[in-house]
Amino acid sequence: LEQQDIAKVLAAFDSYIDDLAELIEKKRGIRDGALDDLMSCQTRLDGYSDVWCEAELSDICKVYDGTHQTPKYVPQGIKFVSVENITDIYGSEKYISFSAYELDFKVYPEKGDILMTRIGDIGTPCIVETDEPLAYYVSLALFKSIKVNSRFLDYFIMSSQFQKELDDRTLHHATPKKINKGEIGKCKVRYPKDANEQAAIADILRAMDEEIEALEIERDKMIQIREGAMDDLL
C-alpha cells in the first residue's frame with residue numbers, strides 16, 4: 001500500500017510537469033506566430049495605421065564586431081563575452097584587465113545596444129540592459145546608435161524574414177559558419193514609422209516571453225521538488 005501511495009505522489013508530479021511542458025510549447029508556438037504576424041505587418045495593433053518603412057540595418061544603426069584577438073584572461077576585471085554567453089551576457093566568468101579593455105575597446109556595449117551572434121550560431125540577439133562594462137569577441141556583432149526602438153529591433157531580428165536574410169548571407173562553407181559584418185548591415189529591417197507602435201509591439205511580445213519564462217521557472221521548480229520528494233520517499 002505504501003508503495004502505491006508513493007507511486008501516486010510521484011505520478012502526480014510527473015503529470016503536472018508534463019502539463020507544464022506541453023503548455024510551454026503551446027505558448028511558444030503562439031508567441032512565434034505573433035512575432036511573425038506583427039513583424040510582417042499582417043497583424044496591426046488597434047489604434048495604429050501609420051506607414052511602415054524599410055531600410056538596411058546599417059541605415060538605422062551602426063554595426064561593429066568585437067576583438068579579433070583571443071584575450072589574456074585574468075581572475076577579475078571586465079567581463080568578456082562571446083557567442084556562448086548570448087543568453088546570459090552578465091553571467092560570463094571570463095575577465096580581461098581594465099588596461100586591456102581601455103586599450104582594445106574604443107567601441108563597447110552600452111545600455112540599449114544590441115549584441116548578436118555572427119559566428120557558429122548566427123542571429124541570436126540580446127539587448128544590453130545596463131551600462132556595466134563589457135568586452136566582446138569577434139563572434140558577436142554590436143549594434144549601436146539605434147534609430148528605432150531597441151526592443152522592437154531585437155524582436156525583428158528574431159523574425160523569420162530577418163533570419164532568412166541572415167541565412168542567405170551566411171558563409172555556410174566556412175568552419176565554423178559565419179556572416180561578415182558588412183553583410184549583416186545589408187539585411188533589411190521593416191518597422192512602423194510611429195515610435196509608439198514600435199514600443200507597443202515590443203511590449204506585447206515581451207509580455208508573452210515573460211509568461212513563458214514564468215512557466216519555465218515553475219516547471220524547473222516542480223522538477224526539483226519532485227526529485228527531493230523521490231529522495232525522501234525512497
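**Cysteines, a sheet and a pocket**

Trainee: Is Cys187 buried or exposed in this predicted model?

Mentor: Look at its relative accessibility, which comes out at 0%. Buried takes in anything under 20%, so Cys187 is buried.

Trainee: And how many disulfides does the structure hold?

Mentor: A pair counts when the two cysteine sulfur atoms are within 2.5 Å. For Cys61, the nearest cysteine sulfur belongs to Cys187 and is 11 Å away. Cys187 is in no disulfide either, with the sulfur of Cys61 as its nearest. The number of disulfides is 0.

Trainee: On to the open sheet of 3 strands: which are its edge strands?

Mentor: The order is β4-β3-β7, with mixed pairing. An edge strand pairs on one side only. Strand β3 (residues 78-81) has 3 bridges to β7, and those two run parallel. The edges are β4 (95-96) and β7 (134-136).

Trainee: Which residue in β7 is the bridge partner of Lys79?

Mentor: Strand β3 covers residues 78-81, and bridges join β3 to β7. Over in β7, the partner of Lys79 is Leu134.

Trainee: Which element gives the most to the lining of the largest pocket?

Mentor: That pocket has a volume of about 600 Å³, and its lining has 9 nonpolar, 2 polar and 11 charged residues. Elements giving two or more residues are α1 (2-39), β6 (121-127), α4 (150-158) and α7 (195-233). With 5 residues, the top contributor is α7.

Methods: Residues numbered from 1 in each chain as written. Predicted model: local features only at pLDDT ≥ 70, side-chain atom pairs only at ≥ 80, totals over all residues. Heavy atoms only, no water. Pairing = 2+ DSSP bridges. Helix = DSSP H or I, 4+ residues; strand = E, 2+ residues; numbered from the N terminus. Buried < 20%, exposed > 50% of the residue type's maximum accessible area, 1.4 Å probe, protein only. 1 Å grid on protein atoms, 1.4 Å probe; cavity = no way out; pocket = protein on both sides within 12 Å on 5 of 7 lines; lining within 4 Å. Points joined across faces, edges and corners; volume = space filled by probe spheres on them. Nonpolar A, V, L, I, M, F, W, Y, C, P; charged D, E, K, R; others polar.
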